[in-house]
Amino acid sequence: MKIRFVVLFLSCIMVISCDDDTTSTKTLETTENVDQNKKITAKTIEDIDYRDYALSSESESEIVTWDRYHELATQISYLKKGDFSFFNGDIELLKKFIKEFKTQMPDQFKTNLIVSRNAIIETELLKLNENLTIDNISRDEKLFNIKALFVAFSNLNYLINKKLEDDFYDKIQPE
């Protein structure tokens with residue numbers, strides 16, 4: 001009687017352990033889903049919440065000669081569409097771009113506030129480049145860096161608008 005019970009018990013254990021294939025399949029599917037969640041799409045970037053300042057028409061006419069600003073604005077618009085090619089490219093090209101960005105800045109915008117905002121943009125560009133080129137950085141961290149770049153560029157636009165507005169009001173003489 002005991003032998004039958006032991007054989008029945010061992011048979012049950014074997015039947016239960018043979019069903020191990022479904023759990024490995026579920027684990028594989030879960031891993032694939034996690035990998036797909038790591039992709040950053042245009043929709044994900046579009047959902048980033050920040051205050052976006054655009055340049056005024058006066059500001060646009062004043063920065064018309066600042067080519068690197070226009071290139072950065074174009075690359076940020078591509079980034080909003082999910083194109084990371086500029087931001088995860090070669091670090092030396094990015095550093096060269098940043099250097100040209102700072103040297104081409106019009107003289108009237110070389111104030112402490114705008115120069116410091118350019119330094120923040122430089123930092124955010126380099127951080128984003130590092131985080132996009134390293135594989136083990138989390139998706140949330142990458143999104144945080146993208147948002148930080150958007151905020152820094154938006155604040156630069158705000159400061160350029162503010163500088164030109166202040167210059168305009170300084171020219172007005174009280175009667």
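What volume does the largest pocket have? The largest pocket has a volume of about 170 Å³. A volume here is the space filled by probe spheres set on grid points joined across faces, edges and corners.

## Basis of the model

This is a predicted model, in which local features need pLDDT of at least 70 and side-chain atom pairs count only at pLDDT 80 or more, while totals for chains, interfaces and linings use all residues. Residues are numbered from 1 along each chain as its sequence is written, and side-chain values use heavy atoms, leaving out hydrogens and water.

## The largest pocket

S56, E58, E62, N161, L164, E165, D167, F168 and K171 line the largest pocket. The elements giving two or more residues to this lining are α4 (57-62) and α8. Helices are DSSP runs (H or I, at least four residues), numbered from the N terminus. The largest share, 6 residues, comes from α8.

By class, the lining has 2 nonpolar, 2 polar and 5 charged residues. Ala, Val, Leu, Ile, Met, Phe, Trp, Tyr, Cys and Pro count as nonpolar, Asp, Glu, Lys and Arg as charged, and the others, Gly among them, as polar. A pocket is an open set of points on a 1 Å grid over the protein atoms alone, where a 1.4 Å probe fits, with protein on both sides within 12 Å along at least five of seven lines; lining residues have an atom within 4 Å of a point.

Helix α5 (residues 67-80) packs on helix α8 (residues 139-171) at an angle of about 140°, with the axes 12 Å apart. That makes α5 oblique to α8. Axes are lines fitted to C-alpha atoms over the stretch in contact, and angles run from 0 to 180 degrees between N-to-C directions.

On the α5 side, Y69, L72, A73, I76, L79 and K80 meet I146, L149, F150, F153, L156, N157 and I160 of α8. This contact (heavy atoms within 4.5 Å) has 11 nonpolar, 1 polar and 1 charged residues.

Helix α7 (residues 112-133) crosses α8 at roughly 160°, and their axes come within 9 Å. The two are therefore roughly antiparallel. Their contact has 15 nonpolar, 4 polar and 6 charged residues.

## α5 against α6

α5 also packs with helix α6 (residues 91-103), at about 130° with axes 8 Å apart. These two helices are therefore oblique to each other. R68, Y69, E71 and L72 in α5 meet F97, E100 and F101 in α6. By class, that contact has 4 nonpolar, no polar and 3 charged residues.

How values were computed. Angles under 35 degrees count as roughly parallel, over 145 as roughly antiparallel, 65 to 115 as roughly perpendicular and the rest as oblique.
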